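Hi everyone, thanks for coming. Today I'd like to walk you through one protein, step by step. Please have a look at it on the screen.

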Amino acid sequence: QLGVMLDRLEASAAAPPSDERDQSPATGGRELTGNAPSQARSVLIIDDNPNILASLQILFEERGYSVLAAMKAEDAIAIAENHRPAVCLCDISLPTLDGFETASELKKVHAGMLMFSMSGFDSREDREQSKDVGFLDHFRKPFVFDEVAQIMENFAAYG
């Protein structure tokens, strides 16, 4: 079953978001939008752990999101520039560029994207640095997915 999830992950990371899924209405009639209607309810997930990435992809898809996924910062930056997702959920511990550096680069290519950080660590310094580079909130792994998704949707609706 993990192999099937990883195959789906690789296919979705390479493919642009589906217009049909991008157009789906958000919870409560709200929509998470990028800079154009085709980016409605799109999320970029960046994590170098394939199990976490695949799990988050499935959970967001079940909530009606079009999911773009990357295991490396460089891939995520290219995806953000080409597909302009509305929201990004980024791990802090990445192999080449860390999540803080990734956030800075993401802002250069897609300043309108809402960004959230996640990490297995939850120090005051991590939270402060997350805010300093432009993340709207910082989630400590493991987290309750529905709570994280609701916070992201609230930022999109009222931020």
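This is a predicted model: local features need pLDDT of at least 70, side-chain atom pairs count only at pLDDT 80 or more; totals for chains, interfaces and linings use all residues.

Residues are numbered from 1 along each chain as its sequence is written, and side-chain values use heavy atoms, with hydrogens and water left out.

Now the overall layout. The protein has 7 helices and 5 strands; here helices (H or I, at least four residues) and strands (E, at least two) are DSSP runs, numbered from the N terminus. Reading from the N terminus, the order is α-α-β-α-β-α-β-α-β-α-β-α. Of the 159 residues, 44% are buried, where buried means under 20% relative accessible area, exposed over 50%, and partly exposed in between, with a 1.4 Å probe and protein chains only.

Let's zoom in on strand β2, residues 66-70. How many of its residues are buried? The count is 5 of 5. Ser66, Leu68 and Ala70 cover one side, Val67 and Ala69 the other, and all are buried. Strand β1, residues 42-46, runs parallel to β2, joined by 5 bridges; strands pair if DSSP finds at least two bridges between them. In this pairing, Ile45 stands opposite Ala69. To get from β1 to β2, the chain passes through helix α3, residues 50-62, in a right-handed β-α-β crossover. Right-handed here means that, with the strands pointing away from the viewer, the path from the first strand over the helix to the second runs clockwise.

Staying in helix α3, we find Glu61. Glu61 is buried, at 18% relative accessible area.

Finally, a helix pair. Helix α5 (residues 99-109) and helix α6 (residues 124-133) pack at about 15°, with axes 9 Å apart. The axes are lines fitted to C-alpha atoms over the stretch in contact, and angles run from 0 to 180 degrees between N-to-C directions. So α5 is roughly parallel to α6, a label for angles under 35 degrees. Phe100, Ala103, Ser104 and Lys107 in α5 meet Asp126, Gln129, Ser130 and Val133 in α6.

Methods. Angles under 35 degrees count as roughly parallel, over 145 as roughly antiparallel, 65 to 115 as roughly perpendicular and the rest as oblique. Contact means heavy atoms within 4.5 Å.
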